[in-house]
Amino acid sequence: MALRVAYEGTGFFGFERQKQGRTVQDELEAALLETYGRPIRVVPAGRTDAGVHAVGQVVHCDVDANVPVEKIPYALNTRLPPDVRVWEAHVVPSEFHARKDAIRKRYVYRFDTRPIRLPFLRTFSAHVPGRLDVERMAEAARYLVGTHDFRAFRNLGSSARTTVRTVFRAEVFARGFDVFFLVEGDGFLYHMVRILAGTLLEVGRNRRTPEDVARLLTSGRREEAGPTAPPEGLWLFHVYYPPHLLPDPPAVQLFDFPEDIR
């Protein structure tokens, strides 16, 4: 079974179970235990850090057939806390693997440039008061498209075997006071999207040029890239699979996200 899961990351120490601290995995597996009467492990498409949100995280798990597939989201949601929701369930082949079979992921990073932060946006965006040069940020983002070695944009503690990734789409655009960085690729390194966002922010503040991003892809030096942007601005929006395994997710209508990223 594959489940599409949304969660508000504020109250979690990330997705994956840890020795201490509440995680999304803990909540999902507790709801599955209560629903099916036995321990059921979930495997995610990818881990998210503490404070990072998800709209379309995908997990797979082995469940019994005693609950009709169309009723699984409702059965689980009655047992889940309000900051986690399962919004789709699909029967998938037994060999389906949420992480290994994913062919691309879409992340969105949201900057709030309002002079004074609105209290109800504090956990859903990174507050960066003042004007950003969105055109320069968009120009810098275009250098990211393609297959590159992204070692300059990964946490130095990353254990990835290779730092080469393919980015299919990288855009920056503004809607009012909100500036969005959308990036879609075949995979991402630890903290990669947040470091990209932090680097683009410096471009938007005229502290570096768009061409600096191209040079970073060549140099591979993490210390020359921008800071790691805070987690509350990051959203895992969608995970995509070959259609014969799992159909593409429907458009998600969020009240404050523009049409471009749905």
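1. The second largest pocket has a lining of 21 residues, and those nearest its centre are Ala6, Ala54, Val55, Trp235 and Leu254. The model discussed here is a predicted one. The volume of the second largest pocket is about 360 Å³.

2. Three strands each give at least two residues to the lining of the second largest pocket: strand S1 (2-7), strand S3 (53-60) and strand S4 (84-90). Sorted by class, this lining holds 15 nonpolar residues, five charged residues and one polar residue.

3. The largest pocket comes next. Its volume is about 1,300 Å³. A total of 41 residues line the largest pocket, and Gly46, Arg47, Arg99, Lys105 and Phe188 are the ones nearest its centre. The elements that contribute two or more residues to this lining are strand S2 (43-44), strand S5 (104-112) and helix H4 (192-204).

4. The class make-up of the lining of the largest pocket is 17 nonpolar, 13 charged and eleven polar residues. For the second largest pocket, the corresponding counts are 15 nonpolar, five charged and one polar.

5. On helix packing, two packed helices are described by the angle between their axes and the distance between those axes. Helix H3 (residues 134-142) packs with helix H5 (residues 210-219) at an angle of about 20°, and the two axes are 7 Å apart. Because angles under 35 degrees count as roughly parallel, H3 is roughly parallel to H5. The crossing of these two helices is right-handed.

6. The contact between H3 and H5 joins Arg136, Glu139 and Ala140 of H3 to Pro210, Glu211 and Val213 of H5. By class, three residues of this contact are nonpolar and three are charged, with no polar residue.

7. Helix H3 also packs with helix H4: their axes cross at roughly 135° and come within 8 Å. That angle makes H3 oblique to H4. The crossing of H3 and H4 is right-handed.

8. On the H3 side, the contact with H4 is made by Arg136, Met137, Ala140 and Ala141, and on the H4 side by Leu200, Leu201, Val203 and Gly204. Six residues of this contact are nonpolar, one is polar and one is charged.

Notes: Residues are numbered from 1 along each chain as its sequence is written. This is a predicted model: local features need pLDDT of at least 70, side-chain atom pairs count only at pLDDT 80 or more; totals for chains, interfaces and linings use all residues. Side-chain values use heavy atoms; hydrogens and water are left out. On a 1 Å grid over the protein atoms alone, a cavity is a set of points where a 1.4 Å probe fits but cannot get out, and a pocket is an open set with protein on both sides within 12 Å along at least five of seven lines; lining residues have an atom within 4 Å of a point. Grid points are joined across faces, edges and corners, and a volume is the space filled by probe spheres set on the points. Helices (H or I, at least four residues) and strands (E, at least two) are DSSP runs, numbered from the N terminus. Ala, Val, Leu, Ile, Met, Phe, Trp, Tyr, Cys and Pro count as nonpolar, Asp, Glu, Lys and Arg as charged, and the others, Gly among them, as polar. Axes are lines fitted to C-alpha atoms, for helices over the stretch in contact, and angles run from 0 to 180 degrees between N-to-C directions. Angles under 35 degrees count as roughly parallel, over 145 as roughly antiparallel, 65 to 115 as roughly perpendicular and the rest as oblique. A crossing is left-handed if the near helix is turned anticlockwise from the far one by less than a right angle, and right-handed if clockwise. Contact means heavy atoms within 4.5 Å.
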